[in-house]
Amino acid sequence: MEKFDIFTRRKELGLTLEDIGKACNVGKSTVKKWETGFIENMKRDKIALLANVLKVSPLEIMGIEEEKKEDETEIMQYLEELRTRPEMRMLFNVSSKATKEDVEKAVAIIEALRSTN
């Protein structure tokens with residue numbers, strides 16, 4: 001989980017410590033402490049206000065947005081496979097009720113079939 005860089009984002013937007021502080025109902029010294037990492041545990045309401053003024057998602061402030069995007073991309077790829085390939089839907093439907101051992105056996109059989117082609 002990568003730490004969000006409040007200072008860099010504030011500078012990108014041309015905002016001052018005072019601008020951020022006013023938008024978040026805190027003093028500029030608090031904003032400076034957020035930027036330097038002196039205050040690591042922000043309250044939820046402050047995260048929401050800060051995200052709004054910095055024009056990012058609260059998840060990004062918390063350092064989890066990037067991971068979520070990667071996960072969503074992979075999930076979307078799987079969904080597209082299921083949507084466009086009937087054989088993948090059939091395999092999914094059959095395997096959804098299978099045990100882990102059954103799935104491992106099926107994978108081994110499919111890999112053996114692929115290696116003979």
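A contact is defined here as heavy atoms within 4.5 Å. Among contacts in the chain between residues at least 6 apart in sequence, 47% join residues at least 24 apart. The structure is a predicted model, in which local features need pLDDT of at least 70 and side-chain atom pairs count only at pLDDT 80 or more, whereas totals for chains, interfaces and linings use all residues. Residues are numbered from 1 along each chain as its sequence is written, and side-chain values use heavy atoms, with hydrogens and water left out.

The chain contains 8 helices and 0 strands, where helices (H or I, at least four residues) and strands (E, at least two) are DSSP runs numbered from the N terminus. The radius of gyration, taken over C-alpha atoms, is compared with a globule rule of 2.2 Å times the number of residues to the power 0.38. At 23 Å it is well over the 13 Å that the rule gives for 117 residues, so the chain is more spread out than a compact globule. Along its principal axes, the C-alpha trace spans about 65 × 25 × 25 Å.

Of the 117 residues, 21% count as buried; buried means under 20% relative accessible area, exposed over 50%, and partly exposed in between (1.4 Å probe, protein chains only). The chain exposes about 9,100 Å², of which carbon and sulfur atoms supply 56%; these areas come from the Shrake-Rupley method with a 1.4 Å probe, and for residues only the protein chains shown count as cover.

A nonpolar core is a set of buried Ala, Val, Leu, Ile, Met, Phe, Trp, Tyr and Cys residues joined through side-chain atoms within 4.5 Å. The largest such core has 16 residues, and those with the most contacts inside it are Ile20, Trp34, Leu50, Val53, Leu54 and Ile61. Two or more residues each come from helix H2 (17–24), helix H3 (28–36) and helix H4 (44–54), with H4 giving the most, 5 residues. Val53 touches Leu13, Leu15, Ile20, Ala23 and Cys24, not counting residues up to four places away in sequence.

Asn25, in the loop between H2 and H3, has a positive phi near 60° although not a glycine. Lys55, in the loop between H4 and helix H5 (58–61), likewise has a positive phi of about 60° and is not a glycine. Asn25 counts as exposed at 60% relative accessibility, and Lys55 counts as exposed at 64%.

Lys105 and Ile6 are 99 residues apart in sequence and 50 Å apart in space, C-alpha to C-alpha.
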